[in-house]
2 protein chains.
Amino acid sequence: MPTSPPGPTIAEVGEHQVIREIMAAAPSSVNGDDAAVLVSAQPNSRVVVSTDMLVERRHFRLDWSTPQEVGSKAILQNFADIEAMGARPISALLALSAPPQTPVSLVRGIAEGIEQQVERFSAELVGGDLTSGEHLVLAVTAVGSLGGNRRPLTIDAARPGQVLVAAGAIGDSAAGMALLERHGRGVPEEFRAFRDAHTNPQLPPGRGMIARATGATAATDNSDGLIADLGTMARRSGVGIDLDPQAIAPTPAMRAVGEHLGIDPWRWVLGGGEDHTILATTPGNIPSGFRRIGTVQRGDGVTVGGEAPAYHAGWLSF
Amino acid sequence: MPTSPPGPTIAEVGEHQVIREIMAAAPSSVNGDDAAVLVSAQPNSRVVVSTDMLVERRHFRLDWSTPQEVGSKAILQNFADIEAMGARPISALLALSAPPQTPVSLVRGIAEGIEQQVERFSAELVGGDLTSGEHLVLAVTAVGSLGGNRRPLTIDAARPGQVLVAAGAIGDSAAGMALLERHGRGVPEEFRAFRDAHTNPQLPPGRGMIARATGATAATDNSDGLIADLGTMARRSGVGIDLDPQAIAPTPAMRAVGEHLGIDPWRWVLGGGEDHTILATTPGNIPSGFRRIGTVQRGDGVTVGGEAPAYHAGWLSF
């Protein structure tokens with residue numbers, strides 16, 4: 001928890017000053033009008049858009065996450081959706097509702113986290129809206145660019161005979177959340193990487209483009225849970241997906257978290273979401289930065305080594 | 001108020017079914033993946049984006065507005081921002097937070113209203129997000145296309161010697177809100193047009209493009225109040241704006257509302273917002289569908305017939 005005084009509230013400094021603070025923390029050359037005109041994408045490209053809403057206490061807790069982490073994760077989860085189409089994130093918009101007594105420093109911190117994450121992708125926060133509401137709610141919209149004529153990566157395009165590949169951790173975010181539930185933000189030092197995987201997940205920019213360039217056809221990101229997200233891919237594609245248990249087995253570090261908490265880490269691997277790892281299916285070579293974690297086959301549903309998964313509960317809003 | 005039972009809640013039918021209801025009410029060929037790939041815009045065009053957040057009881061009241069009106073207005077106010085750049089709205093995204101006990105019929109109604117409005121603009125609802133929260137909150141993002149090389153209409157490009165033009169009513173929404181405050185939804189029959197101007201404002205598609213095509217340089221929409229919005233234009237452009245009192249004088253119908261409520265209708269004309277009427281400055285001909293309401297001059301600030309405005313309070317979120 002912060003020990004310095006939080007400073008003035010947004011009601012005290014007023015809407016215009018708060019917007020100036022946001023634009024100072026996340027500068028853009030095109031923000032400040034009724035709408036933002038994006039820098040012209042390359043010729044022969046298509047626009048890709050996605051939106052997500054984050055509600056305080058439902059999607060984030062300010063005793064678990066810093067404002068910077070909240071902003072960074074809000075961008076990351078939207079940009080992961082753009083990457084999962086094989087496109088490149090170029091811009092983001094932020095609509096923010098906040099109670100009048102919210103410290104300006106909190107809003108500035110969110111904007112700083114947004115800037116940190118959009119910079120990693122060479123993107124920009126290009127516009128937004130600020131309004132009063134009883135709860136802190138963020139809605140982020142991401143805009144991406146899909147170059148060339150090749151099809152986007154879609155969730156319905158997995159085909160039997162392909163391999164399933166992943167770029168990034170699976171289950172780390174859920175392990176981090178379990179640690180936060182036990183310890184609050186003061187997670188033991190040796191497990192901090194898992195806490196950070198939950199409060200501030202990262203995705204190396206460009207994985208989706210690389211997968212598309214090397215022949216992948218389907219992709220999604222691990223947002224609701226591995227079995228849940230792959231279950232959607234299997235159903236929409238009319239295929240079955242078999243995960244290789246060795247390829248997704250909890251790492252020694254994750255097993256240590258499991259022993260510390262008395263929780264089977266397979267629960268995090270199979271049921272946890274919010275890693276925002278890109279999951280793709282491809283007929284040929286493994287794209288750079290990805291590893292093989294399963295196969296696509298005739299049939300339906302998701303199995304692990306041919307068996308029904310031990311855990312499959314995924315995130316549902318209601 | 002509806003007399004039929006509201007039917008099942010979104011918690012009862014579940015997230016997936018609610019999303020299916022939204023997609024049935026507002027169908028799209030590109031919705032249903034991690035992100036939406038927009039139909040390729042014409043060559044040599046730029047993408048324009050804008051976002052707005054609407055919080056129940058702050059921006060709309062369900063005892064004043066039908067769910068359809070809430071959805072329709074959410075789109076209109078975002079599309080007005082796209083039009084005010086001289087661009088054409090092509091797509092919208094909806095992020096929605098709703099309490100679990102919300103009737104599905106309410107969400108479906110919002111989606112129906114969205115569809116009615118996007119259809120007027122030959123646009124589509126292409127994606128969204130649905131989440132649980134303690135309050136009903138909508139965040140709409142609009143995507144537009146700006147054709148050709150000509151500059152967009154910006155709020156900082158008004159120049160001395162230009163005329164100020166408007167397409168649409170000014171003050172009608174504020175008059176309608178005053179009627180709703182007095183009567184609730186049961187506004188006397190003869191004043192219903194004003195109620196509807198508040199709960200479901202309309203904007204003829206294409207006015208912004210027409211203004212840009214005929215040489216206008218600056219534009220905004222009347223969202224926060226005429227004096228407030230033109231004050232921003234004057235400040236950002238480094239000019240003064242003088243309104244013609246005869247051109248903006250309350251209509252006989254609005255004067256009748258003023259007499260009915262005992263309120264000076266000039267308050268609505270000068271201080272009211274949410275008409276989303278396009279206000280543009282142009283050096284030459286009056287664009288089709290617009291009328292002359294003032295002049296741009298050297299100096300600063302906004303005057304009415306050379307005098308300080310009688311009312312100027314505009315909307316501020318805090």
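How many salt bridges are there between chain A and chain B? The count is two, and this briefing puts them in context by looking at how the chains meet and then at how chain A is put together. Keep in mind that you're looking at a predicted model.

**How the two chains are related**

- If you turn chain A by 180 degrees, with a shift of 0.0 Å along the axis, it can be laid on chain B with an RMSD of 0.0 Å.
- That's the relation of a two-fold axis.

**Where chain A meets chain B**

- Each partner brings its share to the contact: 62 residues from chain A and 62 residues from chain B.
- The copies meet through the same surface, because 100% of the interface residues of chain A are also interface residues in chain B.
- Together the chains bury about 4600 Å², and 62% of that is on carbon and sulfur atoms.
- For one of the salt bridges, find A:R57 and B:E134, whose side chains meet at 3.2 Å, N to O.
- On chain A's side, strand β2 (residues 45-55) gives the most, with 10 residues.
- Sorted by class, that side of chain A has 33 nonpolar, 17 polar and 12 charged residues.

**Inside chain A: two domains**

- Chain A splits into domain 1 (10-147) and domain 2 (162-304).
- Going by C-alpha atoms, the centres of these two domains are 25 Å apart.
- The domains touch each other through 23 residues of domain 1 and 24 residues of domain 2.
- Between them they bury about 2000 Å², with 54% of it on carbon and sulfur atoms.
- On the domain 1 side, A:W64, A:K73 and A:E83 lose the most area to domain 2, together 35% of what that side buries.

**What holds your eye at the domain interface**

- Two salt bridges turn up between the domains of chain A.
- A:K73 has its side chain in a salt bridge with that of A:E274, at 2.9 Å from N to O.
- On the side of domain 1 that touches domain 2, the elements giving two or more residues are α3 (67-83), α4 (104-120) and β5 (137-147) of chain A.
- Of these, α3(A) gives the most, with eight residues.
- By class, this side of domain 1 has eight nonpolar, seven polar and eight charged residues.

How values were computed. Residues are numbered from 1 along each chain as its sequence is written. Chains are lettered from A and ligands numbered from 1 in the order in which they are written. This is a predicted model: local features need pLDDT of at least 70, side-chain atom pairs count only at pLDDT 80 or more; totals for chains, interfaces and linings use all residues. Side-chain values use heavy atoms; hydrogens and water are left out. Domain bounds come from an automatic or database domain assignment. Contact means heavy atoms within 4.5 Å. Buried area is the accessible area (1.4 Å probe) that two parts lose on being put together, summed over both. A salt bridge is a side-chain nitrogen of Lys or Arg within 4 Å of a carboxyl oxygen of Asp or Glu. Helices (H or I, at least four residues) and strands (E, at least two) are DSSP runs, numbered from the N terminus. Ala, Val, Leu, Ile, Met, Phe, Trp, Tyr, Cys and Pro count as nonpolar, Asp, Glu, Lys and Arg as charged, and the others, Gly among them, as polar. Copies are superposed by least squares on the C-alpha atoms of residues with pLDDT of at least 70 in both.
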